[in-house]
Each structure stands twice: as structure tokens, then as C-alpha cells.
Amino acid sequence: MRVVILESPEAVTQFAADEVCTLLKQRSSNKFGAVLGLATGGTPLGLYRELIARNARREISFANVETFNLDEYIGVPPDSAQSYHYYMHENLFKHIDIDISMTHVPVTFGVDLQHSAADFELKIEQSGGIDLQILGIGVDAHIGFNEIGSSLGSRTRVKTLTQRTRNDNARYFGSIDDVPHTALTMGIQTILESQSILLLATGTGKAKAIRDTVEGPITASVPASALQLHPNVTLAIDRDAASGLSNADYFLAAERNRAVASRSS
Ligand code: GLP
């Protein structure tokens with residue numbers, strides 16, 4: 001795993017935006033555009049603001065980009081302010097030059113959920129697969145809505161949310177009673193099939209999750225630890241989120257060496 005420890009949440013945002021832009025520019029002349037996996041939550045909001053700004057300055061275009069979101073609540077209509085459909089529309093899609101028909105957020109309202117999950121997997125396959133999957137992380141190290149105990153071989157399916165996740169996400173709802181009990185989420189295996197993965201984390205609240213993800217054993221009790229199995233994962237984290245790592249000095253040295261190697265190549 002590449003662990004990039006940065007000074008501040010703003011530096012994490014800039015790093016993530018640079019990674020997305022590199023991919024989009026590589027693919028801009030290719031007839032097959034980039035396929036991006038997107039996340040919700042508070043952490044990627046800065047990244048989305050930065051991508052909107054770079055798109056407005058015409059540094060990047062989303063005209064040829066297809067997107068897949070990790071998850072969606074069940075029982076929340078897509079036009080409700082709490083849905084991840086709404087979140088994506090408000091925080092990214094409506095501000096950029098993307099073709100809305102090329103954006104996919106799991107459909108959970110007024111559909112057969114098993115069929116919807118299978119259709120979502122099929123659409124990812126038909127796109128040629130996700131080039132770069134952006135991830136946040138829960139305080140218990142869940143990714144998407146793959147809660148603790150999720151099979152490391154799981155695919156898109158319905159998951160029951162833990163009380164902890166419902167409590168953490170209650171801030172987006174009127175009261176805890178309004179937070180859904182279930183969601184449709186990409187599976188861990190689905191995520192692991194992405195070509196590359198970029199996980200973002202900031203703040204001391206994520207320090208234990210990051211330590212368990214990077215330095216703990218691979219276990220379904222720490223869903224993000226499955227990322228250790230992937231050959232092309234980058235964690236972009238601020239100093240606070242890195243504060244639980246025993247090997248932080250090693251990761252900082254590795255990044256310094258990487259910078260030296262890229263200057264001399
Ligand atoms: C939710 C989402 C996750 C996200 C997590 C952390 O559970 N399903 O994809 O990573 O929240 O969110 P935040 O970035 O707000 O801490």
C-alpha cells in the first residue's frame with residue numbers, strides 16, 4: 001500500500017484532485033473515457049469542489065467520463081436531500097460537463113433490489129471496469145456500506161447498517177429515527193476489481209481505522225483491510241488520520257524517496 005501522509009485536509013484534497021486529473025488527461029485523447037468510482041460522505045467534498053473549479057477553468061473535462069457510486073440508502077427517494085443521488089447531483093454532477101446518463105448511483109427506490117444490484121454490476125462490467133475508485137472510510141473501517149463482517153468476496157448487494165454507522169450519519173438526517181437501516185452497496189470484491197483505488201481520510205476520528213487498515217491483519221472485522229490485497233492502492237491521509245500508525249516514519253521516507261526518484265528519472 002502506498003500511504004501518503006499530508007500536512008492538512010486541504011493537501012489531501014489537492015493530492016486527490018491531481019490523481020483524478022492525471023487519469024482524465026491520460027484518457028482525454030482515448031475513445032474510451034475514464035471510469036471513475038465515486039464516494040459520498042464529508043471527506044470527498046473538498047475533492048469535488050476542486051474538480052468543479054478545475055473543470056470551470058477548462059483544465060479537465062468530464063465529457064467522456066463514466067461514474068459509478070459506491071452506495072445508496074434504501075427507502076430514501078432519489079430527490080430527497082438525504083439520498084446519495086441528491087448528494088452527487090448537488091455536490092458534483094450539476095456543476096460539471098458530464099453526461100448525466102453516464103453517471104450511475106445504485107438505484108434503490110421503486111425497484112427490485114436484487115435486480116438492481118445485478119444490473120449495477122453488469123453496468124460496471126460493460127463500462128470496461130473502474131479505472132480509479134475513490135473511497136472514504138468509516139470510523140470502524142467500513143468502505144462503501146460494507147459493514148464489519150462483510151465478506152471480502154462480496155459483490156453489490158443489500159447490507160444492514162450498524163448502529164454506529166447510523167449514529168455517525170444521523171447528522172445528515174432530522175433524527176436518528178430517520179436514518180435508514182439498510183443500503184445497497186458495491187461489494188468488497190467489486191471494489192477490489194478496480195484498476196486503482198484512492199482512499200481519503202482526515203482527522204483523528206479516523207486514526208484507528210487507518211491503523212487497522214494498514215497495519216492490522218486482513219479481516220472481515222476491518223473491511224478496509226481487504227485493500228491490502230490490491231496491488232495499486234493509495235491512501236491519502238492527513239497527519240491526524242495518520243497519528244495511529246506505528247510506521248509513519250517509514251511511509252514519509254518512502255514518499256521522499258519516490259519524489260527523488262521521479263526528479264532523477
Ligand atoms: C458513509 C459512506 C462511506 C463513507 C463514510 C465516511 O458510511 N457510505 O462511503 O466513507 O460514510 O464518511 P465521512 O467522510 O463523512 O466520514
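## Sheets, helices and aromatic pairs in a predicted model

Reader: In what order do the strands of the open sheet of 7 strands stand?
Author: Strands here are DSSP runs of E with at least two residues, helices are runs of H or I with at least four, and both are numbered from the N terminus. Two strands pair if DSSP finds at least two bridges between them. The pairing in this open sheet of 7 strands is parallel, and the order is β1-β10-β9-β6-β2-β3-β5.

Reader: What kind of model is this, and how are its residues numbered?
Author: This is a predicted model, in which local features need pLDDT of at least 70 and side-chain atom pairs count only at pLDDT 80 or more, while totals for chains, interfaces and linings use all residues. Side-chain values use heavy atoms, with hydrogens and water left out, and residues are numbered from 1 along each chain as its sequence is written.

Reader: Which residue of β6 is the bridge partner of Gly37?
Author: Strand β2 covers residues 35-38 and strand β6 covers residues 132-135. The two run parallel and are joined by 2 bridges. In β6, the partner of Gly37 is Gln133.

Reader: What angle does the direction of helix α1 make with that of β10?
Author: Helix α1 (residues 9-27) packs on the sheet and touches β1, β2, β6, β9 (196-201) and β10 (233-238). Contact means heavy atoms within 4.5 Å. Axes are lines fitted to C-alpha atoms, for helices over the stretch in contact, and angles run from 0 to 180 degrees between N-to-C directions. For α1 and β10 the angle is about 150 degrees.

Reader: Which are the edge strands of the open sheet of 3 strands?
Author: This sheet has antiparallel pairing and the order β4-β8-β7. β4 pairs with β8 (residues 182-185) over 3 bridges, and 4 bridges join β7 (residues 157-160) to β8. Each edge strand pairs on one side only, and the two are β4 and β7.

Reader: Which residue in β8 stands opposite Asp71?
Author: β8 pairs with β4 in the antiparallel sense. Arg157 stands opposite Thr185 in β8. Asp71 also stands opposite Thr185.

Reader: Why do the buried residues of α3 line one face of the helix?
Author: In α3 (residues 84-91), Tyr84, Tyr87 and Met88 are buried, where buried means under 20% relative accessible area, exposed over 50% and partly exposed in between (1.4 Å probe, protein chains only). The arc is that of the directions from the helix axis to the C-beta atoms. Seen down the axis of α3, its buried residues line one face because they fall within an arc of 95 degrees.

Reader: Which elements are among those that cover the buried residues of α3?
Author: The buried residues in question are Tyr84, Tyr87 and Met88. What covers them includes β2, α2 (45-56), β3 (66-69), β4 (71-73) and α5 (163-169).

Reader: How many aromatic pairs does a search of the whole structure find, and which kind do Phe68 and Phe120 form?
Author: Rings of Phe, Tyr and Trp (its six-membered ring) pair if their centres lie within 6.5 Å; planes under 30 degrees apart count as stacked, over 60 as edge-to-face and the rest as tilted. The search finds 8 aromatic pairs. Phe68 and Phe120 are 5.7 Å apart centre to centre, with 80 degrees between the planes, which makes their pair edge-to-face.

Reader: How many residues apart are Phe68 and Phe120?
Author: Phe68 is buried at a relative accessible area of 0%, and Phe120 is buried at 5%. Phe68 is in strand β3 and Phe120 in helix α4 (residues 113-127), so the pair links distant parts of the chain, 52 residues apart.

Reader: Which side chain does a polar contact of 3.0 Å join to that of Arg54?
Author: Arg54 is in helix α2 and counts as buried at 8% relative accessibility. A polar contact is a pair of N or O atoms within 3.5 Å; within protein, one must be able to donate a hydrogen and the other to accept it, and residues adjacent in sequence count only if both atoms are side-chain atoms. At 3.0 Å, the partner of Arg54 is Gln14.
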